[in-house]
Amino acid sequence: MLIKTFGSAVYGVEALTITVEVNVTGGKYFYVVGLPDNAVKESEQRIESTLKNNGYYMPRIKVIVNLAPADIKKTGTAFDLPIALAILGASEQLPHADRLSEYVIMGELSLDGNIQPIKGALPIAITARKEQFKGLILPKQNCREAGMVNNLNVYGVSHINEVIGFFKDETSLQPVVVNTKEEFYQSQYSFEFDFSDVKGQENIKRALEITAAGGHNAILIGPPGAGKTMLAKRLPSILPPLTLQEALETTKIHSVAGKLPANTTLISRRPFRSPHHTISDAALVGGGGIPQPGEISLSHNGVLFLDELPEFKRTVLEVMRQPMEERKVTISRAKVAVDFPASFMLIASMNPCPCGFYNHPEKECSCPSGAVQKYLNKISGPLLDRIDLHVEVTPVPFSALAAQQGGEDSASIRERVIGARELQAVRYAGHTGIYCNAQISSKMLKEICGIDAAGQTLLKTAMDKLNLSARAYDRILKVSRTIADLAGINNIRTEHLAEAIQYRSLDREGWAG
């Protein structure tokens, strides 16, 4: 007897419906065909144990399982449940087996029949709705994530007997109901860290406000203990809240990577990822036999923080250059090529030299001659070219640390940032793929970042006097545009240019002695 059920396979951040065909016929052995990996082939042992432990039997005749389309690689353990139900139907242990084809069914089986969570529940639910299935049956731990998809009945189950009882009409399953908007907006402004905790460092706060307002990349340079990491961790608290569409994109990526906490619906706050400097190229950008998203994609719509930037391997840093420009990463394999979104803000921090005390106001640098420049040269020019603000962080004096009064809170700063982003949204409404000043192309600079004669004179003088490199020119104009937006002014003024110029310290020739 031939029975069909439907599962789903995730490629990139999209899902593809997989037809699970089971035929029980004369002969012996158990076959799984359709390019299964080892995890799928091992499902025979899990399914047999599950059926025996719950009062059913595994057919002792020939069982053929076909996963179609057969030319696409199937991976993972999530096909256990649909295969098990199809075997029960094909061996006539499950009545009304024709109803199985009305649902997408996914889940990994334990040996006792319990159902374990899967990856990619959100894109699977989106595809199930698109292809007009009657419902989606999946592990209870994933049901709230999938339940945010409207116009689809999502059933969360914890044991195979619940599913069998549902198709036997012995028990009923209740679809999960999720108030997506209410849960999303309630948790948008809940942050662990706040700028009000920071004593002093007003110039650094100002630089991070500009960074957030224009979507710029920034690097913080300063001695150990000056507060670089502490300040970077507070950046998400001043970023504009995620839109529902951005939250959906971000949640899909985390779902596919298996990084979504159990019983989570939507990611409501911008991600903040801080990988260790021993990270590999593939872990940062993404990869694997079946490509999985890396840290730059997990940072999509949020912040990627690289602490101690020169300690990262040179090859790891260089693979970021193309995704930073294109805001996506394409991973190609022999049989599959997938795109992962990667629109993130890069925030990096570093010591100014190996000992950490170059340019320190009180302590003396103990590095030998040339060591400072050698240390800075670990970061390539092309990567530095993509970092808009270079911010020098100095230690906080005792008087500021001992002050009872804290600094301005994140909510106040965030209001100004949102105001600047709203101006940019209007300005770039007719430009596809451009949402903030950091994304302006070189062609658009003249139109968007025009400056008057006084501004031209100031910029020329600064580049000559401070020995700024040519690469600094575009970045100064973009940052100036953001500073003007924060002030609510249409035209870039000389004071905006002057402030932007001071954020290019690493471009000054001879900065490292």
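In what order do the five strands of the open sheet stand? The order is β11-β14-β17-β10-β18, with parallel pairing; strands are DSSP runs of E of at least two residues, and helices are runs of H or I of at least four, both numbered from the N terminus. Two strands pair if DSSP finds at least two bridges between them. This is a predicted model, in which local features need pLDDT of at least 70, side-chain atom pairs count only at pLDDT 80 or more, and totals for chains, interfaces and linings use all residues. Residues are numbered from 1 along each chain as its sequence is written, and side-chain values use heavy atoms, with hydrogens and water left out.

- Strand β14 (residues 303-306) runs parallel to strand β17 (residues 345-350), and four bridges join them.
- Leu304 stands opposite Leu346 in β17.
- Helix α8 packs on the sheet and touches β10 (218-221), β17 and β18, where contact means heavy atoms within 4.5 Å.

**Helix pair**
- The axes of α8 (residues 202-214) and α18 (residues 410-427) come within 8 Å and cross at roughly 35°; axes are lines fitted to C-alpha atoms over the stretch in contact, and angles run from 0 to 180 degrees between N-to-C directions.
- Residues making this contact include Glu209 and Ala212 of α8 and Ile413 and Arg416 of α18.
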